[in-house]
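Please look over the sequence and the model below.

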Amino acid sequence: MSRRDAAWLAEPVAVKRVGLKGPRAGAALARLELAVPQQPNTWSPLTDSDGAGSANVVCRLGASEFFVEERGDAPGVVALEALLRSRPAGTYPVLREDFAFVLGGGSADEALAQVCNVNFAALPFEARPVVMTLMIGVGVLVLPQVSDDDGRCFRIWCDPSYGAYLFGELEEIVTRISAGRAQ
Amino acid sequence: MMYRLPPVEGEWIDRTRELRFEFERRAFTGLAGDTISSALAASGVMMLARSFKYHRPRGILSFANHDANNLFQVDGVPNVRGDVTPLADGMRAAAVNTFGGLARDRARRLEWLARFLPVGFYYKAFHGRGFARWERRIRYLSGLGRIQARADSQRTDKQYRFCDVLVIGAGPSGLAAAQSAADAGARVLLVDENARPGGSLPWSGATGAGSQLLDRVNTHPNIELLCATYAAGYYADHWVALIEPARMSKVRAGAVVFATGLIEQPAVFRNNDLPGVLTGSAALRLLHRYAIAPGKRVAILTANREGYELARALKEKGVEVVELLDLRPEAAGDAAGLGTLRPHHGVVPVEAVAGRGGAVRALRVDLTLETGAARAVTLDCDAVLMSVGFAPASQLLLQAGATMSFHVASQQHLPDVLPPGVFAAGRLNGVHDVAARIADAHDAGDAAAAHALGQVPSRSARPPGTRSISHAIPVFPHEKGREFVDLDEDIQVKDLLASVQEGYDSPELMKRFSTLGMGPSQGKQSNLNGARILAQARGKPLADITLTTQRPFYHPVPLKHLAGAGFHPERRSGLHAAHVELEAEWMTLGGWRRPEYYRRGELPRAECIAEEVRAVRSGAGLIDVSTLGKIDVFGPDAGAFLDRMYAGSFSDLRIGMSRYALLLDEAGIVRDDGVAARLAEDHFYVTTTTGGAANVYRDLLLWNARWRMNVSFVNATGHRGALNLAGPASRELLQPLVDIDLSAGTFPYLGAREARLGDIPVRILRVGFVSSLGYEIHARYQDAGWLWKRIMGSEKVRPFGVEAQRVLRLEKGHAIVAQDTDNLTNPFEAGLGFAVRMGKPFFIGQRSLRIHEKRGSRQQLVGFELDSESPVRESHLLIQDGAIAGRVTSVARSPTLGRTIGLAMTRPESAAPGSSIAIRASDGAMVPARVVRTPFVEAA
């Protein structure tokens, strides 16, 4: 059974995150030549060199809050953290210690249907939406993305204090779905 | 007696696979594809159950998943629906509601007492001391099935589904609606409660067109078909609960087509409940799906065309129909194709006659002769099929907000006004002839798809139809009674007439007094006849009687489907692993897993907690307080905003200091508390109670949506961990680890600093909740674990848990919001007046507090102590002059003081230190206590 048929979970490694909000938060991103998603509740690749499937992303949460995740040395995040330490006017740091993971595979929609009432299958991925919703009682941020091998995946972030619960429940669901597909 | 016929085209059974099962400890065989009831019917078992009240023998009535008398206990599972549950090899089934088995049920003797058990008898009898005993007895006799605690548990997930058009019912109308909607480009979900789609197609006369419909639906890429699935309830915005065999699906549809059809209604005459008396459509289902004949000598009672079609269908399959008894006075049915069978007209059913074993063996009727005179005859038969009328299966449609009205010509309630996105099709819509039904359903499907896809739907008007499908009132009372209107609840005609006589003469009142329609079928086969009887008794037309609306669920839903997988959100701090290592005993508080205390060898719980308290008092203890709410408030207006939100003053707070923060509601009631620390001119760091963070954060956002001040909020509760190092040795232990001066002069009580502990950036607040000297250390979630280990590296530090913390703060006389306060407590009553700055221009609750100040307190929170050990607990009442004078809010044995101390709300006149109060313990004993000043422990 391929990853295309099953559902799978993975935890990202070696990522740095930072959040910022305030009336001048978008300007702070622009000053560092980082992308600024134009529409609320959408995401962009962090820089021009990052592609649509990149792990380096900036999400616009509502009108004036942003969340950035970057892999490796994360120069964008490092620069943003330094800028935030200088306390620019109208820009405030948002501590992001999220528990993060990725749900993918052909049966990912089936797993999501058991924990969340958002119709992810109907979302236009090309519009790069980010969804703030509840999953089995936990507030989550979900970023649907086109992945290289499996077509689609969902990057999910939540409050770290809920991480063990949310991941554990999803792991059980994914295991049952995969077992069902294998029969 | 029922029996199996030779193969019938389209039958649902597999004659090559025989299944063995037991019913009432007798062995039987059935076929794969049978349901429990059909297998029993094919085996000639007529009696399947005992009725609810009188324990009369009962059999199949509708075979449409409505019958309360087709519920079985199967392999430990109660109330299994025999009509639709597939037979399984090795199944062991038994009737419910019997004592000593179905055949010899001891409770059948209750029928002899029927005259003493009229409807509502329990409202009038057994008053006084005997009531409780009689109530238990009645409940025992009235049970349905038995729960077995050791039965295997079954996991039932829930899931969400989405579609453009949901079609409920996969008979001819449902299939047509689904096809049209799908052809129009909608994603369609089609559901039917039966094991296969098709509904009445086999006997509708549209087999050719019907087969094409089925094929098209089965292969259409836009249609998903769910069988053995029923819609249990309709909720707002086209949200429908579907009950599948192993899960509940919650469907959000763009539009819904109700193609739920009609429910055939029984005629009401004496002994109409005998096994072998069933509806015509039950016979058709048995015949076409399971190749079962309803009997060897069948009599049909009818008042519509359907009865004649039924007779033809039976004769075609070789079943002998001995009598066709039309209730209508004149020839109105189509007698073609009936051979030698001549229908009688103007028939009045008198009573069904039981044979040995309790099943019907004859039917007594009054025939109308050509002279117009009536002649009583007894007709030998072993099955009586009733085809006298229908009621619409409109329960879900009504839940969706449709209105219905009664049409005299067709004798049917029909939909009048439907909300947007809701469509009715086929027989439910009053269209009966099959070709017209299908056309009507195609139109409904088109309209539903248009609505769901954002176009303007166009729904044709209902085609005119004046054929009456129902007898106006198929109710024939008998002087000896036993004419059952509601077979679930054993309600007879006289019971309803008695209800009216007692003054319960509206459908709602009659229902509640008589329990009509309150059984498992929820009135599907009784409400209409009940309304007819009520209308007749009141001298009104049926159109003037509003039928009761059935609420969800359409069928009873197993509790396991409602429970689902059982998700229980739980939060863990970043120190969870550390606590496990230290052998924490866990508790759940405010949704968080927290250490209640830490186990120490074989020491009992109380001693472990006492040791932890002593460790803090004598040296230093460390507790994980990551659960506290933590909110950053940024912006030029941050101080001014907090001045408005909280009862105290914060705009004048110096940078590097903190202040107790008391949050009130507009009634001046204490809602939450914490500490607000000023870290910069435009940055405050505010803590809340465990479990209060989400509400406080929400309130900050809501109030600022009104005030529009220049301020931003960040709820960092889960993203930061926090520890509290407390005790006289805490400074000396912490100083070497941090890069700031902790001396009293430099870092006074209520100071707040940003610092580094090792390489970790931390926020340190000097607090005094549990001891005079203590430091709350806040860090990022990922760093908290390292901090804990670093501080615990000293042997002088002892971890302590929630229970020790409760005792420690009690010794300091500190109140806990929502434990020592309630929904009526203002700050003056709780001793928190020090945190209120009434002189501010405005704060939430200020106006109410002025009123509270003028009125004076009704209660006062005081400290008390007991002279001796006692069983005083929280919430025990204070009694004074024979009346309640207050309650204990907190109580504990203080290891530091060696006696029991507590906090209590009491009358102001008893609040002075030295006052005596009396506490009533659980056993009623009065325990004397003494009011004392707090804190109980001063410098510690």
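## Salt bridges

B:R809 and B:D820 join their side chains in a salt bridge, 3.0 Å from N to O. A salt bridge here is a side-chain nitrogen of Lys or Arg within 4 Å of a carboxyl oxygen of Asp or Glu. This pair links distant parts of the chain: B:R809 sits in helix α20 (residues 802-811) of chain B, and B:D820 in the loop between α20 and α21 (846-855) of chain B, 11 residues apart. Helices (H or I, at least four residues) and strands (E, at least two) are DSSP runs, numbered from the N terminus. Both B:R809 and B:D820 are buried. Buried means under 20% relative accessible area, exposed over 50%, and partly exposed in between (1.4 Å probe, protein chains only).

The model is predicted: local features need pLDDT of at least 70, side-chain atom pairs count only at pLDDT 80 or more, and totals for chains, interfaces and linings use all residues. Residues are numbered from 1 along each chain as its sequence is written, chains are lettered from A and ligands numbered from 1 in the order in which they are written, and side-chain values use heavy atoms, with hydrogens and water left out.

Over all chains, the structure holds 54 salt bridges. The table lists some of them.

| Pair | Closest N to O distance |
|---|---|
| A:E65 and A:R96 | 4.0 Å |
| B:R4 and B:D34 | 2.6 Å |

In chain A, A:E65 forms a salt bridge with A:R96. A:E65 lies in strand β5 (residues 65-71) of chain A and A:R96 in the loop between β6 and β7 (99-104) of chain A, so the pair ties together parts that are 31 residues apart in sequence. A:E65 and A:R96 are both buried.

In chain B, B:R4 forms a salt bridge with B:D34. B:R4 belongs to strand β1 (residues 3-4) of chain B and B:D34 to the loop between β3 (26-32) and α1 (36-42) of chain B, so the pair ties together parts that are 30 residues apart in sequence. B:R4 is partly exposed, at 22% relative accessible area. B:D34 is buried, at 1%.

Salt bridges also form a network in chain B. It links B:R56, B:R58, B:E111, B:D273, B:R482 and B:D490.

## Interface of chains A and B

How many residues of chain A are in contact with chain B? There are 28, and they meet 31 residues of chain B. Contact means heavy atoms within 4.5 Å. The buried area between the chains is about 2700 Å², with 56% from carbon and sulfur atoms. Buried area is the accessible area (1.4 Å probe) that two parts lose on being put together, summed over both.

The rule finds 3 salt bridges across this interface. It also finds 11 residue pairs in polar contact, both residues at pLDDT 80 or more. A polar contact is a pair of N or O atoms within 3.5 Å; within protein, one must be able to donate a hydrogen and the other to accept it, and residues adjacent in sequence count only if both atoms are side-chain atoms. On the side of chain A that touches chain B, β6 (92-94) and α4 (163-182) of chain A each supply at least two residues. The largest share, 6 residues, comes from α4(A).

## Helix α4 of chain B

At 1.5 Å a residue, the 12 residues of helix α4 (residues 172-183) of chain B should span 16 Å, and the end C-alpha atoms are 17 Å apart, which agrees. The expected span is 1.5 Å times one less than the number of residues. Of the 12 residues of α4(B), 11 are buried. Elements covering them include β9 (157-168), β10 (188-191) and α5 (207-219) of chain B. B:G185 follows α4(B) and has a positive phi, near 100 degrees.

## Loop details in chain B

B:H555 is found in the loop between α12 (527-538) and α13 (559-563) of chain B. B:H555 is buried, at 1% relative accessible area. Its side chain makes a polar contact with that of B:E193 (2.7 Å). B:F553 lies in the loop between α12 and α13 of chain B. A cis peptide bond joins B:P552 and B:F553, with omega about 15 degrees.

B:R708 has a phi near 55 degrees, a positive value in a residue other than glycine. At 70% relative accessibility, B:R708 counts as exposed.
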